[in-house]
Amino acid sequence: MGKSGEKCRGVFPSSSGMTPIPSLFPSRRPKTLPFGRLCLLVVALVWSAVVTVARAAERPAREARPNFLIVIADDLNWRDLGVTGNREVQTPRIDAFAREGLHLRGMFTPSPTCSPARHALYTGLFPVRSGAYPNHTMVDPTTRSVFTHLNALGYRTALLGKQHVHPPQSFPFENIGDDADDAAALARFVARDPAQPWLAVVASTDPHTPWTRGPKDLYDPAKLTLPPWLHDNRETRAALAAYYAEITQFDRQVGAVLDVLERTGQTGNTLVLLLTEQGSQMPGGGKWTLFDNGIRVSAFARWPGKIAPGTASDALMQYVDVPPTFLAAAGVDPRAIDTGCADPGGGGNGFDGRSFLDVLLGRATRHRDHVFAQDTAVGVTGNRNPFPKRAVRDDRYKLIRNLAPENEWWILGIHGGEIFKSWVRDAVGNPALAERVRGLSHRPAVELYDLREDPLETRNLAGDPAYAAIGRRLGSELDAWMKQQGDRGLATELAALARQPKNAESSGAAPGKKKAAKKGG
Ligand SMILES: [Ca+2]
């Protein structure tokens, strides 16, 4: 099912329009009731009253358990929203949503790639420990996810849109459709039983390549302001305009989802978490890199009456912290949860993440001292060489280690693309551009950045004696994280293919499942 084939199936006749929500109850009734049916009706009415009373008795517990909604984009650079400072991309619904809750400015994904990022988001486990570290990957089959944990608490859980997680028994959500535009499917799910709390994930495929959807007429390539990580030429401008149109398409999708909550009366008791996922597939746009363009996430949380509107937090946090946070918000101590996955460093089966509920409720301003990330090139489509990367970041500095720096980093999605090829063409006779292009494929063993002074990570401070102590401090944090994860660096990278279901299936090690995802990465 190609993305381009989906273009006209959207539910948006306009930015505010939406497919009507089907009635849950048939309206057609017989005009007269025979005696037998009348008796049945009386019995039904009495039973209905009994159930209503019983549900009223449960209400205090019910009100203590909010619904949860995650809305996640696909390859949306955190900077490319109106609310995060991009003055040209149009995201009115997201900007308005941000004003209704808390802007989590310190959120990071532990992987700049779709599949491992989503496994971490749903399991609360970092990628190497769970086994889900390359792209198109899977967790160990005993692993449980937020869907497992909330189902056990009596929630119903569902996912609409992109999956990219495996195996199914670790992610026991109800699949309510592969098309994140299908707001009516979401409406049917959330309205099904008012007495049962729910978790829903709406996982978009926008603005993942190919950039084919959205209102292209809003963006004139010739008039766009290019961000500094992009080389300015005709091909790049055309791609940027198409990417922005898909971001606006995602914004409309977000609007339709929020409208479902309004129409079904679920806004008040639902904690909504909106995530941009990871960097874009532009060269330098961040995807498959550990620069902030790749791993930083724009995140916004709304929970009326609980989260103060129009607020922001710089507390560092990661996707692995989301499941513990939801469980804490549901009244459960996340430290008592068994993830089904052994902790090689700490012992036990607990989460790698910790609840940031106190940040949401305005009771804390700090959460983590460090965030961590990894990227695995083996298993990415068209990858030519192993190129493992690891990173640690605090609120000012970042250390990146490239564990096979002698190799050329080359993957089809960046280096085989038309934008990159146009840059290579333009670099002939342009030494400054040639050096930039080279830097997209060749990296030093160690990179150290001062993000306060150099937010685009262009001045590598590794080797500068003035920063040696900072490098050592971050290096020991990274060593400790890798050890806790059971991460063997290059050896782990070289074992990545065995962590992909397509390879495990061919060896008979995993059950077959064809994902309905429209796009890779
Ligand atoms: Ca993605």
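Biologist: How many bridges join β2 to strand β8, residues 311-313?
Modeller: This is a predicted model, in which local features need pLDDT of at least 70, side-chain atom pairs count only at pLDDT 80 or more, and totals for chains, interfaces and linings use all residues. Residues are numbered from 1 along each chain as its sequence is written. Strands (E, at least two residues) and helices (H or I, at least four) are DSSP runs numbered from the N terminus, and two strands pair if DSSP finds at least two bridges between them. β2 and β8 run parallel, and the bridges joining them number 3.

Biologist: Which residue of β8 stands opposite Leu102?
Modeller: β8 covers residues 311-313. Opposite Leu102 stands Thr311.

Biologist: Which residue in β9 stands opposite Met107?
Modeller: β9 (residues 317-318) runs parallel to β2 and is joined to it by 2 bridges. The residue opposite Met107 is Met317.

Biologist: Why is strand β2 largely enclosed by the rest of the structure?
Modeller: A residue is buried if 20 or more other C-beta atoms lie within 10 Å of its own, exposed if 12 or fewer, and partly exposed in between, with C-beta atoms placed from the backbone. β2 covers residues 102-108, and it is largely enclosed because the number of its 7 residues that are buried is 6.

Biologist: Which are the edge strands of the open sheet of 4 strands?
Modeller: The order is β10-β11-β12-β13, with antiparallel pairing. An edge strand here pairs on one side only, which gives β10 (371-375) and β13 (446-450).

Biologist: Which residue in β13 stands opposite Tyr397?
Modeller: Strand β12 (residues 397-402) runs antiparallel to β13, with 5 bridges between them. Opposite Tyr397 is Asp450.

Biologist: At about what angle to β12 does helix α14 run?
Modeller: Axes are lines fitted to C-alpha atoms, for helices over the stretch in contact, and angles run from 0 to 180 degrees between N-to-C directions. Contact means that the C-beta atoms of two residues, placed from the backbone, lie within 7 Å. Helix α14 (residues 468-485) lies across β10, β11 (389-393), β12 and β13, and its angle to β12 is about 60 degrees.

Biologist: What pLDDT does the protein average?
Modeller: pLDDT is the predictor's confidence in each residue, from 0 to 100. At least 70 is scored by 84% of the residues, and the average is 88.
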